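Open your viewer and get ready to pick side chains as we go. The tour takes a few stops, each with something to select.

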Amino acid sequence: RPLLGQFDRGDRTCIGVFPGQPLEDPYSLNVVDICPVGALTSRDFRFQVRSWFLKSADSVCPGCARGCSTKVQHHENKVSRILPRDNEWVNQGWMCDEGRLTYRRIHDSETQLTQPHLRDEEGNYVPISWTEAAAKLADLLGDYLEESDGTLGLSLSAQLTTEGATAFVELAEQML
């Protein structure tokens with residue numbers, strides 16, 4: 001079923017949605033990429049920063065297991081948007097809305113851990129220092145290394161960003 005239409009004629013032509021049918025589709029934000037004149041924009045990004053101020057880095061979307069090829073666009077140490085990057089074998093230049101909006105979690109103070117925590121006797125998480133966290137981790141992993149044949153398996157989530165995975169590997173190399 002068509003979601004967008006052209007209304008009026010000639011120089012008065014407008015692109016819009018059909019009455020009573022909102023543009024609700026898991027891939028609806030792709031219209032921003034296919035608009036030839038840039039008139040269709042994302043409310044999430046509009047008026048946040050000028051697009052020519054953005055720097056771009058190639059990445060992979062952490063939103064699901066598909067791993068769409070993306071461009072992470074940022075300005076002054078803040079991720080502003082995530083766009084699809086052409087990859088014929090994975091996403092062919094398309095990207096779901098959920099993946100485009102995963103960058104919101106990066107700057108969400110409610111979901112980001114900025115300090116290590118340790119569970120107390122009642123089961124509550126209590127903030128601890130980075131030094132205490134490193135010592136506790138070394139203590140916990142040290143027990144497993146002493147009892148094993150010298151190998152230890154570590155696993156990562158598919159939801160982890162490339163930067164998070166790199167930090168995890170660096171931590172594992174330092175601790176082990």
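In which strand is Ile-15 found? Select strand 2, residues 14-17, and you have Ile-15 in hand. A word before moving on: this is a predicted model.

Stop 1: Colour by accessibility if you like: Ile-15 has a relative accessibility of 46%, so it counts as partly exposed.

**Stop 2: aromatic pairs.** Searching the whole structure turns up two aromatic pairs. For the one made by Phe-7 and Phe-18, the ring centres are 5.7 Å apart and the planes meet at 75°, so this pair is edge-to-face. Phe-7 is partly exposed at 29% relative accessibility, and Phe-18 is partly exposed at 27%.

Next, select Trp-52 and Phe-53, another edge-to-face aromatic pair, with 6.2 Å from centre to centre and 65° between the planes. Is Trp-52 buried or exposed? Trp-52 is exposed, because its relative accessible area is 63%, where over 50% is the cut-off. Phe-53, at 46%, is partly exposed.

**Stop 3: a charge over a ring.** Finish by selecting Phe-45 and Arg-81. Here Arg-81 lies over the face of Phe-45, 4.1 Å from the ring centre.

How values were computed:
Residues numbered from 1 in each chain as written. Predicted model: local features only at pLDDT ≥ 70, side-chain atom pairs only at ≥ 80, totals over all residues. Heavy atoms only, no water. Helix = DSSP H or I, 4+ residues; strand = E, 2+ residues; numbered from the N terminus. Buried < 20%, exposed > 50% of the residue type's maximum accessible area, 1.4 Å probe, protein only. Phe/Tyr/Trp six-rings, centres within 6.5 Å; stacked < 30°, edge-to-face > 60°. Lys NZ or Arg CZ within 6 Å of the ring centre and 35° of its normal.
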